[in-house]
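Please look over the structure below.

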Amino acid sequence: MRALLSFIGYRLFRALITLWIVSTVVFVVMRLSGDPVPLLLPPDAPRSEIFRVRAELGLDRPLPVQYGVFLGNVLRGDFGRSIHFREPASRVVMGYLPATLELGLTAFLFAVVVAVPVGLLSAVRRNTFLDHATMGVALVGQSAPTFFIGILFILLLSLKGGWFPTSGRGTWAHLALPALTLALFTMASVARLTRSAVLEVLRADYIRTARAKGLAELLVVAKHTFKNAAIPIVTITGLQFGTLLGGAVVTETVFAWPGIGRLAIQSIYNRDYPVVQCVVFLSAVLFIVLNFLIDLIYGFLDPRIRSR
Amino acid sequence: MTLTRRDLLKGAAAAGVVAAVADPLARPASAQTTRKRELVWAQGGDVSTFDPHISTSSNDIRVSFNIFDNLVSRHPDGKLNPGLATEWKIQGQTAWVFKIRQGATWHTGDPFTAADAKWSLERTYDPAHKTRVSTVFTSIDRIEAPDPATLVIHTKKPDPLLPARLAFYGGQIVSRKYFEAAGADGFRSKPVGTGPVRFVSWTRDDKLVLEANPDYWGGKPDFDRMIVRPVPEMASRIAALLKGEVDIITQVTPDHNDRINANPTTRAVGALYAGLYVLAVNSKMPPLDNPLVKQALSLAIDRDLIVKELWRGRGIVPSGPIAKGDNHFDGSLPPLAYNPKEARERLKKAGYKGEEIFIETTSGYTANDKPMSEAIQAMWRDVGINAKVEVLEYSVRAQKNRDKTFKGLWWSDPTSTLGDPDGMMWRLLGPGGPQDYWRHARWDELGDKARFSVDEKFRGEAYKEMTKIVLEHFPWIPVIQPYEDYGMQKYVEWTPNPNQQFEIRRFNFKFRRA
């Protein structure tokens, strides 16, 4: 029990350090990227007007002061007011979050439900036509850019086939294409990884033993192989959720999906520091929580890790 | 391998063909009429605020010009028409008297009066309101509303363009009573105007729902609801149009026109942009301080080829710094000439010794900016100019624009906000303006006099002379006046505005009914 608590405590401490580094990096990078004021005002605005707006947004104060104010506010959960939307940044981001979670979770489920059985099957049926075909498709899925796949789906399944709306959010039909597009990359990596993880285990001595003692092949695969192969699969699959959040930036833009990925891109263009900071911070929190959960599952799957 | 200009243009053309390959759905001819009571249109980005005095971005004004009215309305043909003011005249040199429309009401049902107009215009430059249009009405001295039907605007000096200023951004009239009741936050998220549509609901980056105002003074528009969808990707906007999910899409680039026109139920419609695409010049930077060099730069550009290949014919070659359609545009001037031989001569006469000349372009900030830069670079190299193209990130461009630190030439797509050279050439190139990199005593004198003269004949002569000076010194090298293209269903009958106002009124919009 004590080991478990110190394991959790250590992870929490690391998570906090990570969050601090992430928020500092975003703060610095956003300020390096330029001044939002020229983008807010008409091109012929006089300099006095620019200085007035800079002061109004607090951008005329020295950077260390701005940073101090920023950190203090973040500790209180306040990311400041959005320059573009003129309301609290956290409220803006929270408004966009449900759409991204809906898309991300659907894509994630999609990917796992398809990819794990496919990977397992092609490992067991190694070097057959099925193996080559699925891995070929996976390679394409992994290498084709999301943008291209998205447009292709719109052309084929929406415009030609007429089965799905081209873009927007609303019914399940609106969700299908963006979720599939987003899932494709994850699906491909998880399938390929599952295959190699299972193959690795299939070569282990205890599998040979299991077969030698006359266990049915189904039992060998389901009980002995899969559980042992699950550790790398869980790790990578969990990390892939982060990739999904990243991929959402492109997918949400192509499908006009009102999520935080698109919000992030627009906010970067608008130099809307508070919103970008809040989106990145929130994504980092999501990612860290997920990693934390994976670590816990890990410990459950492999007791040796817990005691380390 | 060295790329010639022609290779480059061929490549651009091929890319366009690939984009047009996917053939659209064939639909029956009956789709050319409709029973729809809902107008759905898509633009490249979402509204950021509904307070019309807080933003000048095109995504915002496309909506705000429909929720709100101006005192004066600029119609798609460029002419000024009555809006919330039914007539106006100048008294003496500095007093404009407006007759206010009777019977117009706010979406709340309250009557609109001259006092509302007075408050709304004063608000634009009231520091307490922190508006983004505080520079639009700097010529105004004071405003009086002696009775509900009369508004008198006194200007500091004679301002011939006051009615034109009232017709564009900053001039949308907002309700004092509602603003004070709703507060700034309430107003910008749930607006009340006098326009043909009124606010219903808004889900950010998803959709905005508006409904027709049945009591609109200009007549109820030909639909019950208007839905605005932000669809950032051009390809997705086109797909939504071809599939019939939306009725109108904005910001169609020239390479997509063919595809929209090839589809049996849709068509592309354009309005000649009220403005120009120019290469602005830092005339302080040698060798660009030499007019002969700039004349050579202009003469070496094959604008016809650019219009034909990069814009698919969707544009015209300008004749000078005044856009076609504007006051005092001189129709007798020929399009800017292409003469590489003469360009070489002038370079020789200027003593040009191969100094580097930079085009600082963005990629996609204005339509075709990077392809045009590369084509022009190749054209300039053909006559012996050592041209370099540098690609800037948008924010770097914004910064350089503000600090006036461009080192050579850069793209600018000025909008003629007033339909007059004063609102474009003088606004940008004038002393202290955002593109003040060149001064010429006579030009400055003429521009200043024309701004404050109510004698149109004098103004016409002044702008003629100013054009001549620009065509000798080239503080701008005008390249193209393009069309602003929209895609729409064939059952939509609508005439777009040339200046992105996207006005949808009864006089310019209807559905073709069966």
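## Domains of chain B

Chain B splits into domain 1 (10–50 + 180–272 + 486–511), domain 2 (68–176) and domain 3 (274–483). The bounds come from an automatic or database domain assignment. This is a predicted model: local features need pLDDT of at least 70, side-chain atom pairs count only at pLDDT 80 or more, and totals for chains, interfaces and linings use all residues. Residues are numbered from 1 along each chain as its sequence is written, and chains are lettered from A and ligands numbered from 1 in the order in which they are written.

Over C-alpha atoms, the centres of domain 2 and domain 3 of chain B are 33 Å apart. Eleven residues of domain 2 of chain B contact eleven residues of domain 3 of chain B (contact: C-beta atoms, placed from the backbone, within 7 Å). On the domain 2 side, six are nonpolar, two polar and three charged. Nonpolar means Ala, Val, Leu, Ile, Met, Phe, Trp, Tyr, Cys and Pro; charged means Asp, Glu, Lys and Arg; the others, Gly among them, are polar.

## Where chain B meets chain A

Chain B brings 38 residues to the contact, and chain A brings 37 residues. On the chain B side, strand S10 (225–230), helix H6 (234–242), helix H12 (394–403) and helix H13 (425–429) each give two or more residues. Helices (H or I, at least four residues) and strands (E, at least two) are DSSP runs, numbered from the N terminus. H12(B) gives the most, with seven residues. The chain B side holds 15 nonpolar, eleven polar and twelve charged residues.

## Gly72 of chain A

Gly72(A) sits in helix H4 (residues 63–75) of chain A. Is Gly72(A) buried or exposed? Gly72(A) is exposed, because 10 other C-beta atoms lie within 10 Å. The cut-offs are 20 or more for buried, 12 or fewer for exposed, and partly exposed in between, with C-beta atoms placed from the backbone. Leu97(A) is 25 residues from Gly72(A) along the chain, and their C-alpha atoms are separated by 24 Å.

Terms used
Contact = placed C-beta atoms within 7 Å.
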